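Reader: Could you take me through this structure? I would like to begin with a backbone detail.
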Amino acid sequence: MSTDLDHMHDAIAAGASVRQMTSPNPWVGAVVVAANGSVVGTGATNLPGGPHAEVEALISAGDASYLSTLYVTLEPCDHSGRTGPCTQAIIEAGVRRVVVGLEDPDRQVRGRGIERLLDAGLTVDLGVASEEITEDLKPYLHHRKTGRPYVVLKLATTLDGRIAAPDGTSAWITGSAARSDVHQLRAYSDAICVGANTVRMDDPALTVREWMPVNGGSIREPRRIVLGELSEDSRVWPAETYVGSLENLIQELGNQGVLQLLIEGGADVAGRFHRSGLVDRYVIYIAPALLGGDDGRPILAGPGVATMSELRRGRFVSMRRLGDDIRLDLVFDQL
């Protein structure tokens with residue numbers, strides 16, 4: 001017999017299927033399980049302005065929602081915006097029990113949805129698969145708690161820590177599987193930021209052309225932001241340009257509802273973001289290759305710490321093999 005954890009994993013998978021299309025709303029998944037234990041409905045958050053995951057799952061279940069259990073990755077909303085409150089739909093459907101993965105930190109929710117369901121006499125269980133859902137929804141949760149986007153710095157490097165040869169060439173350090181993974185990372189980001197020098201040297205398109213969404217839906221291209229001046233003959237034209245402090249850029253993007261910002265600049269931009277303490281996650285693709293000298297371009301340009309006693313240590317939170325390459329995800333808890 002399936003457990004609460006099994007059903008919540010199905011809800012997580014449903015949410016993941018719309019990861020690239022819901023921002024600035026969270027990619028929530030929901031599953032309806034009838035009194036006899038059978039799954040009768042599944043739903044995920046629609047495009048902004050469309051039904052939320054709970055309503056989609058209840059519509060899918062129809063009359064089978066009566067006396068059912070609803071599993072949802074994030075607390076149902078209890079306010080009206082472009083859609084009505086999910087709590088009302090749940091109550092009217094005759095759901096008996098709601099299993100919630102996480103409480104929503106959004107100031108319009110923050111426990112109100114759970115309280116409304118309890119007041120209506122429903123049983124509410126909170127915290128099933130909470131660690132997995134916290135990781136899955138990290139950009140959304142970070143934005144709602146800080147008002148700033150979740151900043152991911154992506155780097156592709158040789159084993160000896162070089163992102164380009166002495167002549168500036170860098171294509172291609174990693175293989176096709178890693179490059180496809182980068183395109184998924186782009187698709188999951190609301191905006192990509194690079195330096196003007198990277199545009200001049202590499203002329204990247206910064207698109208998600210090598211990745212297709214798991215649900216076969218349409219692809220949303222992220223915003224492209226260039227630090228500095230931009231030539232009209234570059235492939236990213238007409239990208240947005242920005243000149244100013246990185247801190248102000250991050251705050252502006254947060255105010256505009258950007259949940260995740262991907263930094264794809266070269267060593268100079270990477271070094272600036274790193275030293276500013278603005279990076280929340282480092283995604284490093286390591287190729288089984290060596291440039292074999294100290295004259296290649298390092299992953300982070302600019303001054304580092306002066307002594308080992310000032311060395312910052314973080315945690316590897318994920319490691320995956322992609323073809324012949326390895327992807328390492330690094331976080332610093334003090335950031």
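Reader: Where is R110 found?
Author: R110 lies in the loop between β4 (97-102) and α4 (112-119); helices (H or I, at least four residues) and strands (E, at least two) are DSSP runs, numbered from the N terminus. The model is predicted, so local features need pLDDT of at least 70 and side-chain atom pairs count only at pLDDT 80 or more, while totals for chains, interfaces and linings use all residues. Residues are numbered from 1 along each chain as its sequence is written, and side-chain values use heavy atoms, with hydrogens and water left out.

Reader: What is the phi of R110?
Author: R110 has a positive phi of about 45°, although R110 is not a glycine. Most residues other than glycine have a negative phi.

Reader: Is R110 buried or exposed?
Author: R110 is exposed, at a relative accessible area of 51%. Buried means under 20% relative accessible area, exposed over 50%, and partly exposed in between (1.4 Å probe, protein chains only).

Reader: And A129, buried or exposed?
Author: A129 counts as buried, at 12% relative accessibility. A129 is in the loop between β5 (123-126) and α5 (130-136) and has a positive phi of about 60°.

Reader: Turning to strands, which ones join β15?
Author: Strand β14 (residues 315-322) runs antiparallel to β15, with 7 bridges. Strand β12 (residues 281-286) pairs with β15 in the antiparallel sense over 5 bridges; strands pair if DSSP finds at least two bridges between them.

Reader: How many residues of β15 are buried?
Author: In β15 (residues 325-331), 6 of the 7 residues are buried.
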